[in-house]
Amino acid sequence: MKFWRWALILLVVILVVAAGFAVLKRGSSSEGSWEDKLARALEPKEDCVPAPEKRYGNLRYEGPLIDAHYHIPNFDSPPPWEKNNGRPYMGDNITIGDIACTIQQEGTKKVFAFFPVFPEGHTQEFLDLAKGAMEQHPDIFMPFIMPPERDNDPDGFPTVDANALTEMLRQYPGLFQGYGEIGLYARGDHGGPKGAPALPPDSQRLREIYSVVREHNLAAYVHLGEGQQASFERVLSQNPDINFVWHGDQLIPYENGQQNLMHIDEILSRHPNVFYGVDELYGDKWMIRPEVTKEEFLAHLENYENLLAQDLATWKGIIERHPDQMMWDTDRSPQVLWSHDPDVGQALTGYGRAFIARLSPAVQEKFAYKNAERLLQTR
């Protein structure tokens with residue numbers, strides 16, 4: 001009898017533990033299937049309430065803006081302990097409607113939207129997210145496909161191979177206008193965990209990718225790694241019919257506390273088919289990162305007179321020397337939920353308008369939106 005009593009107790013314990021795991025599992029998948037998560041991510045937003053406009057000084061560019069660098073968050077399932085830790089999860093704490101509302105109310109005309117698509121399961125849901133976003137907001141998103149292949153693993157890659165990319169693009173022909181952003185630097189270079197090694201722009205994998213990019217008439221957006229200038233320039237020369245964009249500070253050495261833009265200048269001067277996206281503003285202090293709070297970011301911008309002076313000293317000259325190849329962007333993050341908030345959108349565009357207004361009038365509209373528009377129109 002004692003044996004059966006203990007057996008019954010053990011059975012109850014097992015059932016309780018199993019129920020606990022089921023709750024955790026439901027929480028980690030946000031109480032539903034991937035289909036449910038996709039549906040929530042595409043739910044229309046009923047109440048798009050504008051945030052107050054943010055001005056940084058009286059001098060302000062008032063024309064159209066195109067943000068040439070906007071990361072659409074991943075809608076993978078967060079563990080329960082991460083759900084509210086400040087990272088955006090599509091269909092959990094952010095939706096396509098939220099993003100569209102922020103973009104509309106801040107006054108940005110369009111964004112280069114980087115939609116992540118992963119080959120390791122649920123590829124279709126990621127593609128359906130991009131398709132649904134474009135059906136709902138075709139005048140806001142200029143969609144790029146961003147397909148890493150286990151890039152957080154040491155044996156992974158920053159991008160899928162050409163065959164996998166071809167299969168993804170076949171699902172919805174003509175949906176995407178660009179390929180990227182593809183981070184070609186070694187994972188871990190930004191202080192994160194070690195992962196995929198650097199991938200040279202002229203590697204075999206990427207040379208095969210460029211053929212797919214050409215076939216589908218896409219632009220290509222990359223984030224270069226250390227020492228990749230020569231490799232990148234070979235690619236630009238070999239593919240004059242493809243429009244490339246790059247950004248990142250790996251080719252910007254610091255000398256005496258200042259950024260030296262010599263390498264950017266060289267690449268732009270030699271290759272008319274390449275563009276550079278400028279998001280290294282805010283006084284040369286990148287603030288959209290997980291360890292920074294929204295309050296710290298907004299407080300940082302209150303010192304805008306000094307920040308603008310630093311940014312203009314660094315960037316004004318090169319923008320005006322290459323008026324047809326430089327673009328404004330914000331690099332809103334797939335890791336920082338607050339970077340998609342409406343008041344942050346107002347701050348980013350408000351600061352951007354203050355910066356643009358201080359450029360030569362002849363280049364303001366080109367930098368603000370016309371170069372981005374032309375890049376995709378002429379690809």
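How many of the 379 residues of the protein count as buried, in percent? The share is 53%, where buried means under 20% relative accessible area, exposed over 50%, and partly exposed in between (1.4 Å probe, protein chains only).

The model shown here is predicted, so local features need pLDDT of at least 70 and side-chain atom pairs count only at pLDDT 80 or more, while totals for chains, interfaces and linings use all residues. Residues are numbered from 1 along each chain as its sequence is written, and side-chain values use heavy atoms, with hydrogens and water left out.

View 1. Helices (H or I, at least four residues) and strands (E, at least two) are DSSP runs, numbered from the N terminus. The protein exposes about 16,900 Å², and carbon and sulfur atoms supply 54% of that; the areas come from the Shrake-Rupley method with a 1.4 Å probe, and for residues only the protein chains shown count as cover. Take contacts between residues at least 6 apart in sequence: 79% of them join residues at least 24 apart. Contact means heavy atoms within 4.5 Å.

**View 2. Cys-48 and Cys-101 form a disulfide.** Their sulfur atoms are 2.0 Å apart; the rule asks for a pair of cysteine sulfur atoms within 2.5 Å, and by it the count comes to one disulfide. The torsion about the S-S bond is about 95°, so this disulfide is right-handed. Cys-48 lies in the loop between helix H2 (34–41) and strand S1 (66–71) and Cys-101 in helix H3 (residues 96–106), so the pair ties together parts 53 residues apart in sequence. Cys-48 is partly exposed at 34% relative accessible area, whereas Cys-101 is buried at 4%.

**View 3. Eight strands form an open sheet with parallel pairing.** Their order is S1-S2-S3-S4-S5-S6-S9-S10; two strands pair if DSSP finds at least two bridges between them. S1 and strand S10 (326–328) are the edge strands, each pairing on one side only. Here, strand S6 (residues 244–247) and strand S9 (residues 274–278) run parallel, joined by three bridges. Look for Val-245, whose bridge partner in S9 is Phe-275. Helix H8 (residues 262–270) packs on the sheet and touches S6, S9 and S10.

**View 4. Gln-229 is found in helix H7 (residues 229–238).** With 13% relative accessibility, Gln-229 counts as buried. Leaving aside neighbours within four places in sequence, Gln-229 is in contact with Leu-251, His-263, Glu-266, Ile-267 and Arg-270.

Conventions
Axes are lines fitted to C-alpha atoms, for helices over the stretch in contact, and angles run from 0 to 180 degrees between N-to-C directions.
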